[in-house]
Amino acid sequence: MNLELQRHKIKRIEFGSTTEIESDTLRIDAKELADVILDTSDLSVDIIICRPGERVRITNILDIIEPRVKSEGGGQMFPGFWGPFKKAGNGITKVLEGVAVVNVAAIPRVQEGLIDMNGTGARYSPFSKTQNVVLCFAPVPEMEIAEFDRRIRLAGLKASAYLAQASWQKAPDETEIFELKPDEIDILTHRKLKRIAYIYMLQSQGLLRDTYLYGSSVHELAATTIHPSEIMDGAIVSGNYVIPSNRNPTYFHLNNPIIRELYQRHQNELLFCGVVICNEHSGLEAKEKAVECAVDLVKKLGAEGVVITKEGGGNADTDLMLMCQMCEAEDIRTVVIGNEGAGTDGADPSLAHTVDAADAFVTAGNNDALVKLDAMAEVIGQGPLPGVTEDLKESLIIPVGRINGATNLLGYNTLSSRAY
Amino acid sequence: MAKEIEKAGILAAHICTIVPISQTVGANRIIPAVAIPHPLGDPAIPEEEELQLRRSLVEKALTTLKTPVKDQLVVK
């Protein structure tokens, strides 16, 4: 499996009469973009550009996607969602680096949060630094929530591919090639290096809490192996709207930093021997089954060590801890990554579930720590935000976990915690 | 919640889906529930069976309240 990512670095986006890239500017024909989105979705959409530094607060955020498309004639991005099916992870994929498509709609039961493009809040979200194409979908009261959400997801994915098509005739700023053949690892040449696998726990627990593998929810999945290049190329799509810092939107699945680091260290610091994905189920027995199946698969990969990440908080701590405990019991060393819910002063227990085996834990920060946000000039979406009674434009004090991506569970962001 | 209620001198039985979390938090009487989105019900089974299931969970909780415990008790 050989994946080539051709990166086009975009520093500015603006509306124009055609969708095109000129040096580092992406111009967007809003009418054509709306037509592409609405072709199959039958929704009404308002397209707004949000640039870093603008005094804008975005709320009602659903999925966030990096614009990507397969090279001309190279197949479909996000296979399984539309078009002819061809597995992800091979060939050339064009990437608009620095741009994000942000789906926005007010849906009850979504755990709300925000992205500030300016002020203190902008320090905490990776999406305060991207040029954002915000797709605001008007509510359709007579439509079932599941159907509304499904159409928005498809619209966002299509918008992502449409925008990236502007790069088809352009030479990329940077090209990266990812190739991994775990079966052909030369044991003799690399006998001093440890075999390391990645257990990538996805969260799929029902309506508005789903994650998709090739277009299907992983709701019923126990565990499976998957090539890391498939994940980097759109095999996994998010429809999970838990607390914003506890979610892994599609943007992070595409840019999973653990996979990137393991690739980079492959054959010099370690042998990257594969990825196992599994689901964090909503019942305990199903959780135990997924853990058992995942550990069995990493054993078959011959892993001596694993990195484990999770999505979601509370019950997901149990998945993380059971996985860690069972790996260690099988003599597979573990490093686990998570964020904390340690109270506003950091003095509460950080996790809902802990085990002694989890002695190498990397923290991505404390979700409960309060941050004071500056007042903004404009708000996209209507909230409401939990615990906030003020006008949403005003200066607000909120837990940092409500900011999208702030304490990201894959370590995409740079926050952490310090113990005193 | 279970701990705070017991601190106030009132016995508590915790009906909880993810038992290890209840154990970590320190509940004394734990009754395993169905699933996170529907702890006390199961949309996949017929209504009558579900009623039975719901009743049995609540009855287990009430019976457990009468049971003296030394260590954390997880009702099977």
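This is a predicted model: local features need pLDDT of at least 70, side-chain atom pairs count only at pLDDT 80 or more; totals for chains, interfaces and linings use all residues.
**Entry 1: chain B on its own**

I began with chain B and counted its elements: there are three helices and three strands. Reading from the N terminus, they come in the order α-β-α-β-α-β. I checked the dimensions next, and the C-alpha atoms fill a box of roughly 40 × 25 × 20 Å along the principal axes. Chain B has 76 residues, and 29% of them count as buried. I also looked at how far along the chain the contacts reach. Taking contacts with a separation of 6 or more, 39% are between residues 24 or more positions apart.

**Entry 2: the sheet of chain B**

A reminder to myself: strands of a sheet pair through backbone hydrogen bonds, either parallel or antiparallel.

I then followed β2 (residues 29-32) of chain B over to β3(B), and two bridges join this parallel pair. B:Arg29 sits opposite B:Leu73 of β3(B).

**Entry 3: where A and B touch**

Then I turned to the contact. Chain A puts in twelve residues and chain B ten residues. Between them the two chains bury about 800 Å², and 71% of that is on carbon and sulfur atoms. On the chain A side, the residues that lose the most area to chain B are A:Ser282, A:Leu284 and A:Ala352, together 51% of what that side buries.

Which elements of chain A give two or more residues to the side that touches chain B? They are α6 (284-300) and α7 (315-329) of chain A. Sorting that side by class, I get two nonpolar, nine polar and one charged residues.

I looked for salt bridges between chain A and chain B and the count is zero.

**Entry 4: strand β20 of chain A**

Is β20 (residues 305-309) of chain A enclosed or left open? Five of its five residues are buried, so the strand is largely enclosed by the rest of the structure. I sorted the residues of β20(A) by direction: A:Gly305, A:Val307 and A:Thr309 point one way, A:Val306 and A:Ile308 the other, and all are buried.

With β14 (residues 194-203) of chain A, β20(A) pairs in the parallel sense over five bridges. In that pairing A:Ile199 stands opposite A:Ile308 of β20(A). With β21 (residues 333-340) of chain A the pairing is also in the parallel sense, over four bridges. There, A:Val306 has A:Thr334 of β21(A) as its bridge partner.

**Entry 5: A:Asn248**

The last stop was one residue. Where does A:Asn248 sit? I place A:Asn248 in the loop between β18 (236-240) and α4 (250-254) of chain A. Its relative accessible area is 0%; the cut-off for buried is under 20%, so A:Asn248 counts as buried. I then listed what A:Asn248 touches, leaving aside neighbours within four places in sequence: A:Ser238, A:His253, A:Lys310, A:Glu311, A:Asn408, A:Leu409 and A:Leu410.

Notes. Residues are numbered from 1 along each chain as its sequence is written. Chains are lettered from A and ligands numbered from 1 in the order in which they are written. Side-chain values use heavy atoms; hydrogens and water are left out. Contact means heavy atoms within 4.5 Å. Buried area is the accessible area (1.4 Å probe) that two parts lose on being put together, summed over both. A salt bridge is a side-chain nitrogen of Lys or Arg within 4 Å of a carboxyl oxygen of Asp or Glu. Ala, Val, Leu, Ile, Met, Phe, Trp, Tyr, Cys and Pro count as nonpolar, Asp, Glu, Lys and Arg as charged, and the others, Gly among them, as polar. Buried means under 20% relative accessible area, exposed over 50%, partly exposed in between (1.4 Å probe, protein chains only). Two strands pair if DSSP finds at least two bridges between them.
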